[in-house]
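Here is a quick tour of a protein model, taken one site at a time. Have the structure open while you read.

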Amino acid sequence: MSLDYYQRHATELAARYQQVSSRTVHCDWLTLLEPWLVAAPRRLLDVGAGSGRDAAFLAGLHQGHSVVAVEPSQALASLGQCHTRDVAVDWVNDAMPALSRVTGTFDLILLSAVWMHLPPESRLLALARLHELLSPDGYLVLSLRLVISEQEMRERAMYPVAVDEVERLALEEGMTLLHVSGPQEDVLARSGLSWQSLILGGEHARLP
């Protein structure tokens, strides 16, 4: 991803992210996984945590949750730390695909609006690393941005994404595609922009 863009526009981007609730953004997959998330303490990883909106939301679903928020942009992470100072969130300065500073395993890993920043040649490596970090019965949730302009490709280092590609890589890595949403309108009402959410599972994962 282009860190320079996110460093320069951190305040503006964080304000935009905070305009909408995590529940609104993630309503599709939350319908399936929220009962599981609120039932017991979980270890959760938010990759590309940005303003901390989703990390704070996840931490608030159960008093026993521990959340690790990964963000490569120092400017965004500083704002995120302010937004999550009252909840159990630990911040790590790290980036895909290596995530070399993240340790342990997690029951749920969230990549919200992150996958399109990975060059296609890095995606199998990234998924292999995420698989290492995911517990065998855990869930990996991705949101895919379905429309990317040429300007965004240049300025923000975005690349086209597709469900079929993710499913193929998941199969190569021994993971299972458990759920694919239909196309969803952009919650910020950006014209022509839509998203899909996916849930991948570890070796023993089944949807609740």
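Where does His26 lie? It sits in the loop between α3 (22-25) and α4 (27-39). Bear in mind that this is a predicted model.

**Around His26**

Is His26 buried or exposed? Its relative accessibility is 4%, so His26 counts as buried, the cut-off being under 20%. The side chain of His26 makes a polar contact of 2.9 Å with the side chain of Asp54. If you skip neighbours within four places in sequence, the contacts of His26 are Arg53, Asp54, Leu110 and Ser112. So Asp54 turns up both as a polar partner and in that contact list, because heavy atoms within 4.5 Å are enough for a contact.

**The largest pocket**

Next, the open space. The largest pocket holds about 830 Å³, and 47 residues line it. Nearest its centre are Tyr17, Ser112, Ala113, Val114 and Trp195. Elements giving two or more residues to the lining are α1 (3-8), α3, α4, β1 (43-47), α5 (53-59), β5 (134-145), β7 (184-185) and β8 (194-201). Which element gives the most? That would be α4, with 3 residues. By residue type, the lining splits into 25 nonpolar, 11 polar and 11 charged. Ser112, one of the residues nearest the pocket centre, is also one of the contacts of His26.

How do β1 and β2 run? They run parallel, joined by 5 bridges. Within this pair, Leu44 stands opposite Val67 in β2. Strand β2 (residues 66-70) has 4 of its 5 residues buried, so the rest of the structure largely encloses it.

Val47 belongs to strand β1. Val47 touches Val70, Met96, Leu99, Ile109, Leu110, Leu111, Ser112, Val114 and Leu130, leaving aside residues within four places in sequence. Two of those contacts, Ser112 and Val114, are also among the residues nearest the pocket centre.

Ile109, one of the contacts of Val47, is part of strand β4 (residues 106-111). Beyond four places in sequence, Ile109 touches Leu45, Val47, Leu130, Leu133, Leu134, Tyr139, Leu140 and Val141. From Ile109 to Asp164, 55 residues along the chain, the C-alpha separation is 20 Å.

Ala77 is in helix α6, while Thr84 is in the loop between α6 (74-83) and β3 (89-92). What does Ala77 touch, apart from residues up to four places away in sequence? Its contacts are Gly50, Glu71 and Trp91. Counted likewise, Thr84 touches Gly52, Ala56, Val89 and Trp91. Trp91 is therefore a contact of Ala77 and of Thr84 by the 4.5 Å criterion. Ala77 and Gly48 are 29 residues apart along the chain, and their C-alpha atoms are separated by 9.4 Å.

**Burial at a glance**

The sites beyond the opening one compare like this.

| Residue | Relative accessible area | State |
|---|---|---|
| Ile109 | 0% | Ile109 is buried |
| Val47 | 2% | Val47 is buried |
| Thr84 | 3% | Thr84 is buried |
| Ala77 | 6% | Ala77 is buried |

Conventions
Residues are numbered from 1 along each chain as its sequence is written. This is a predicted model: local features need pLDDT of at least 70, side-chain atom pairs count only at pLDDT 80 or more; totals for chains, interfaces and linings use all residues. Side-chain values use heavy atoms; hydrogens and water are left out. Buried means under 20% relative accessible area, exposed over 50%, partly exposed in between (1.4 Å probe, protein chains only). A polar contact is a pair of N or O atoms within 3.5 Å; within protein, one must be able to donate a hydrogen and the other to accept it, and residues adjacent in sequence count only if both atoms are side-chain atoms. On a 1 Å grid over the protein atoms alone, a cavity is a set of points where a 1.4 Å probe fits but cannot get out, and a pocket is an open set with protein on both sides within 12 Å along at least five of seven lines; lining residues have an atom within 4 Å of a point. Grid points are joined across faces, edges and corners, and a volume is the space filled by probe spheres set on the points. Ala, Val, Leu, Ile, Met, Phe, Trp, Tyr, Cys and Pro count as nonpolar, Asp, Glu, Lys and Arg as charged, and the others, Gly among them, as polar. Two strands pair if DSSP finds at least two bridges between them.
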